[in-house]
Amino acid sequence: MALENCLQLSTVCTTRVGAAQCYHPFSSEKLVVPTCNGLRKSGLKFSSSSSFVARPKSTRLQKSGFVCKAREAVDQVQVVTDSSWNNLVIASENPVLVEFWAPWCGPCRMIAPVIDELAKEYAGKISCFKLNTDDSPNTATQYGIRSIPTVLFFKNGEKKESVIGAVPKSTLSATIEKYVDL
């Protein structure tokens with residue numbers, strides 16, 4: 001994920017040449033941000049925390065606000081393959097929607113914009129992936145995919161439900177709602 005998409009800088013501490021130390025309010029993890037000559041991407045050490053409050057090393061405490069924009073960085077459907085399946089789908093902490101598709105499949109092209117909309121609407125609550133069954137036949141075979149499009153829902157690494165065919169958005173939304181923690 002690109003760093004530009006993850007952090008949005010609202011102000012920068014410029015009280016001294018050096019670095020501001022940023023702390024997550026509920027964690028001991030640090031984000032070190034250089035303040036000389038503005039924000040330099042190469043000097044950032046980023047953790048997966050959702051928000052930071054900056055505290056400069058100098059005695060004058062000016063706060064810099066950082067907002068995690070990670071939600072917007074992953075609001076699109078990502079590609080999963082046989083080799084990335086376990087890391088992206090099975091090990092995911094969020095519920096996962098996976099669309100099994102192929103480029104030659106007409107109904108798959110019809111449902112793709114619906115999956116894209118759902119990825120945006122449920123960004124941060126679910127992870128959305130698509131698996132090309134021509135490129136990754138092993139995973140499709142493992143889950144018994146015999147027709148496409150097929151959408152599988154996973155939670156805690158377990159397959160929970162499947163929806164076969166180009167169904168309306170409301171059908172997929174209702175299924176997602178069953179597995180999203182409110």
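I started with cysteine 128, which counts as buried because its relative accessibility is 5%, and buried means under 20%. A reminder to myself before going on: this is a predicted model.

**Entry 1, the disulfide.** I looked next for cysteine pairs. How many disulfides does the count come to? The count comes to 1 disulfide. The partners are cysteine 105 and cysteine 108, with their sulfur atoms 2.4 Å apart. I then checked which hand the bond has. The torsion about the S-S bond of cysteine 105 and cysteine 108 is about 80 degrees, so I noted the disulfide as right-handed. Are cysteine 105 and cysteine 108 buried or exposed? I found both of them buried.

I moved on to residues 150–155, which make up strand 9. Of its 6 residues, 6 are buried, so the strand is largely enclosed by the rest of the structure. I went through the two faces in turn. Thr150, Leu152 and Phe154 are buried on one side, and Val151, Phe153 and Lys155 are buried on the other. I was glad to see Lys155 spelled out there, as it is on the list of buried residues too.

Which strands pair with strand 9 in the antiparallel sense? One of them is strand 7 (residues 96–101), which runs antiparallel to strand 9 and is joined to it by 5 bridges. In this pairing, leucine 97 stands opposite phenylalanine 153. Strand 10 (residues 158–164) is also antiparallel to strand 9, and here I noted 6 bridges. Leucine 152 has serine 162 of strand 10 as its bridge partner. Strands 9 and 10 form a hairpin with 2 residues between them. In that hairpin, asparagine 156 takes a positive phi near 55 degrees.

Last, I looked up residues 169–179, which form helix 6. Its buried residues are Leu172, Ser173, Thr175, Ile176 and Tyr179. They cover an arc of only 165 degrees around the axis, so they sit on the same side of helix 6. I turned to the other face as well: Ser170 and Lys178 are exposed there, away from the buried side. What do the buried residues of helix 6 pack against? I wrote down strand 7, helix 4 (106–121), strand 9 and strand 10.

Definitions and conventions: Residues are numbered from 1 along each chain as its sequence is written. This is a predicted model: local features need pLDDT of at least 70, side-chain atom pairs count only at pLDDT 80 or more; totals for chains, interfaces and linings use all residues. Side-chain values use heavy atoms; hydrogens and water are left out. Buried means under 20% relative accessible area, exposed over 50%, partly exposed in between (1.4 Å probe, protein chains only). Helices (H or I, at least four residues) and strands (E, at least two) are DSSP runs, numbered from the N terminus. Two strands pair if DSSP finds at least two bridges between them. A disulfide is a pair of cysteine sulfur atoms within 2.5 Å. The arc is that of the directions from the helix axis to the C-beta atoms. Contact means heavy atoms within 4.5 Å.
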